[in-house]
Amino acid sequence: MRVLLIGANGYIGRFVADRLLADPAVQLTALGRGDDADVRFDLATGSPGALTRFLDAVHPGVVVNCAGTTRGGARELTRHNTVAVATVCEALRRSGCGARLVQVGCSAEYGPSQPGSSTAEDAVPRPGGPYGVSKLAATELVLGSGLDAVVLRVFSPAGPGTPAGSPLGRLAEAMRRAMQSGDGELRLGGLGAQRDFIDVRDVARAVHAASLSAAQGVINIGSGRAVRLRDAAATLARVAGYGGTLHELDGPPGVLRPTIGHPRTESVGHRVDALGHHRTDALGHHRPDPLGSRGERTEPEHPAPAPHPYPDGCGSWQQADVRTARDRLGWRPRIGLEESLADIWMEAACRI
């Protein structure tokens, strides 16, 4: 089976490439903007006609699209997440290759969910930001294309290669800096959100399974269990061997809740914020210090801002209903969050 992989250098695409290359029955061709791609092509600016000619020449049986961006304004998100997918769909319609399309979507397409609920594929999408809107538009293009196609809505990917700018990546970097400088108190904010974390290697397995299946429509890819970010931070501290106290900044103005990590002792060092010397939370937003120079509680000169929301526009809760992936792909997650966090920490600890 010849597979054309788009976005092989991205966070998810790298692991999809590894998974497909491990299958001796797969002949893999990588298409992307980087110099190391087998074929250089920019979906956001390239024409459907040019891509059609390439498809007719290579004649893949499956096209996997992992390309896209999570950053930028509405215009850039639309170009790379929506226009790019429109190009792929139009090229596949024009081509005679008859390839199956596996599109990697995102749980941000759903938007906020009711706490305690599991989101199934038939939920009405209500994205809470431009990123989710751009990905939902791409999904609608795929579903309306008439192609043999499936969209995998990936929930919160974690594990090796996690971007340093993501919430889990920033937590790991904050902890690394605290341990490097000997600081015994780490101040973190924005930890109230609960997300369904799924290891990126399990995502790659799901893409492989979808490539071989006949399933169509939308399929959720997640663990099926929401985890509070503060619990992930506590697990990360245990994995890293961090012996200090993690102070959570969420809550009413002026209130500091030492609800995470180890009890404070006299041997613990001085305070540190989440990103070094500046008073910021784990997501990089500046906050006042509600403790005096001796660690005594004081009233802040200005009220602390409300905790910044988890940056995916999905509110306080997301949890996937993953029964469709089990039933139609024969897929289940294998890697637990602790292993994912251990790999995130291993990469963070190796940074100079």
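Contact here means heavy atoms within 4.5 Å. By that criterion, and not counting residues up to four places away in sequence, Ile12 touches Cys66, Val104, Val154, Val200 and Val203.

Good morning. The structure before you is a predicted model, in which local features need pLDDT of at least 70 and side-chain atom pairs count only at pLDDT 80 or more, while totals for chains, interfaces and linings use all residues. Residues are numbered from 1 along each chain as its sequence is written, and side-chain values use heavy atoms, with hydrogens and water left out.

Let me turn to the interior. A nonpolar core is a set of buried Ala, Val, Leu, Ile, Met, Phe, Trp, Tyr and Cys residues joined through side-chain atoms within 4.5 Å; buried means under 20% relative accessible area, with a 1.4 Å probe and protein chains only. The largest such core has 33 residues, and Ile12, Val16, Val64, Leu152, Ile221 and Leu329 touch the most other members. Helix H6 gives the most to this core, with seven residues.

Ile221 belongs to strand S11, residues 217–221; helices (H or I, at least four residues) and strands (E, at least two) are DSSP runs, numbered from the N terminus. Its relative accessible area is 0%, so Ile221 is buried. Leaving aside neighbours within four places in sequence, the contacts of Ile221 include Leu152, Val203 and Leu329.

Finally, strand S4. Val62 and Val64 point one way from S4, Val63 and Asn65 the other way, and all are buried. S4 pairs with S1 in the parallel sense over four bridges, where pairing requires that DSSP finds at least two bridges between two strands. Leu5 has Val64 in S4 as its bridge partner. Thank you.

How values were computed:
Buried < 20%, exposed > 50% of the residue type's maximum accessible area, 1.4 Å probe, protein only.
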